[in-house]
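This briefing is intended to be read alongside the sequence and the coordinates. Please keep both at hand while going through the points below.

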Amino acid sequence: MNRQAQGVVLLLLGGAILKASLTDMYLRYVKAGLQPFLIAAGALLVVAAVMTIWYDLRHGSTLDTECADGSHEHPDSSHGHREPRVGWLLIAPVLGLLLVAPPALGSYAAGQAGSALSSQQVSDFPALPDGDPARISVLDYATRAIFDEGRSIGDRQIRVTGFLSAGPDGGQLLTRMILSCCAADARPIKVGMNGGVPRGLTDDSWVEITGKYSDQRGTDPVNGDDIPFIEVLEWRTVPAPAEQYE
């Protein structure tokens, strides 16, 4: 890999990062708060690539023929120094972002990991938001159902949104992935459903559930954590949100 090739690969990598961070694509991989850092990193790579290519076009013959000991070879020499070919592997993530664009983690990842509910640090439970039903996150409902035994929910109707994943008893769970930094540390929050549960839908289908607190509990077969349940009153399919992680 010569210096100009390095510049082209850097340009492609920086451009791919900018493309992802200036659209909703980056939300499939990292938290929304990291967008400014992604934009800065992509812009820095693009600037470095342009400077590398420009500098090599102006001074390429001198750079390519300079030896490690400070001596110089003739420009026609076949022994010009190049970087290791392993640098071409940087094209792999570029092609992944530009051509494949892997989706956010879904039901398969949720089925391979235990519920992250026991790792949540909860000290108090504020009043539910105004509205009937009250719109809350899957994580908020699950923590109130397990750690507060539904007392902060009471008889209120709540509305949550998530995707369907396979449950341990052959049914389906309402699931949402949570992350601390990026998709590499994502773990699922799983909620069982009773009552008028969704039917005829495949895993990874996104649904909006209107329901009430249920004291039923299940057990996650992966790590043995408790799985709270929600009594489904109404449900409807919805498009996957732009920000699929909580």
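The following points cover confidence, the nonpolar cores, charged pairs, aromatic rings and backbone features.

This is a predicted model, in which local features need pLDDT of at least 70 and side-chain atom pairs count only at pLDDT 80 or more, while totals for chains, interfaces and linings use all residues. Residues are numbered from 1 along each chain as its sequence is written, and side-chain values use heavy atoms, with hydrogens and water left out. The mean pLDDT of the protein is 86, pLDDT being the predictor's confidence in each residue, from 0 to 100.

**Confidence**

- Of the residues in the protein, 89% reach a pLDDT of 70 or more.
- Residues 61-65 have pLDDT below 50, and this stretch has 12 contacts beyond near neighbours in sequence; a contact means heavy atoms within 4.5 Å.
- Residues 73-79 likewise stay under 50 in pLDDT, with six contacts in the model beyond four places in sequence.
- Where pLDDT is low, the predicted coordinates should not be read in detail.

**Nonpolar cores**

- The largest nonpolar core has 25 residues, and those with the most contacts inside it are Tyr-141, Ile-158, Val-160 and Ile-230. Such a core is a set of buried Ala, Val, Leu, Ile, Met, Phe, Trp, Tyr and Cys residues joined through side-chain atoms within 4.5 Å; buried means under 20% relative accessible area, exposed over 50%, and partly exposed in between (1.4 Å probe, protein chains only).
- At least two residues of this core come from each of helix H5 (138-147) and strands S2 (158-166), S3 (172-178), S4 (187-195), S5 (206-219) and S6 (226-237). Helices (H or I, at least four residues) and strands (E, at least two) are DSSP runs, numbered from the N terminus.
- H5 provides the largest share of this core, namely six residues.
- A second, separate core of 10 residues includes Ala-104, Leu-179, Trp-206 and Tyr-245.

**Charged pairs**

- The structure holds nine salt bridges, each defined as a side-chain nitrogen of Lys or Arg within 4 Å of a carboxyl oxygen of Asp or Glu.
- Arg-176 and Glu-246 form one of them, with closest N and O atoms 3.4 Å apart. Because Arg-176 lies in strand S3 and Glu-246 in the segment after S6, the pair ties together parts that are 70 residues apart in sequence. Arg-176 is buried at 9% relative accessible area, whereas Glu-246 is partly exposed at 25%.
- Asp-220 and Lys-190 meet in a salt bridge at 3.0 Å, N to O. This pair links the loop between S5 and S6, where Asp-220 lies, to Lys-190 in strand S4, 30 residues apart. Asp-220 is buried at 1% relative accessibility, and Lys-190 is buried at 6%.
- A network of salt bridges links Arg-135, Arg-159, Glu-208 and Arg-236.
- Asp-225, in the loop between S5 and S6, is buried but has no salt bridge; Arg-187, the nearest side chain of opposite charge, is 5.4 Å away. Lys and Arg count as positive and Asp and Glu as negative, while His and the chain ends are not counted.
- Among the contacts of Asp-225 beyond four places in sequence are Ser-115, Leu-117, Ser-118 and Asp-220.

**Aromatic rings**

- The structure holds two aromatic pairs. Rings of Phe, Tyr and Trp (its six-membered ring) pair if their centres lie within 6.5 Å; planes under 30 degrees apart count as stacked, over 60 as edge-to-face and the rest as tilted.
- The ring centres of Trp-54 and Tyr-55 are 6.5 Å apart and their planes are at 50°, so this pair is tilted.

**Backbone and loops**

- A cis peptide bond, with omega about 10°, joins Asp-132 and Pro-133; Pro-133 lies in the loop between helix H4 (107-112) and strand S1 (134-135).
- Glu-149, in the loop between H5 and S2, has a positive phi of about 50° although it is not a glycine. Glu-149 also forms a salt bridge with Arg-151, the closest N and O atoms being 3.2 Å apart.
- Asp-204, in the loop between S4 and S5, is not a glycine but has a positive phi of about 80°.
- Leu-201 is found in the loop between S4 and S5, and its contacts beyond four places in sequence include Leu-164, Val-207 and Trp-235.
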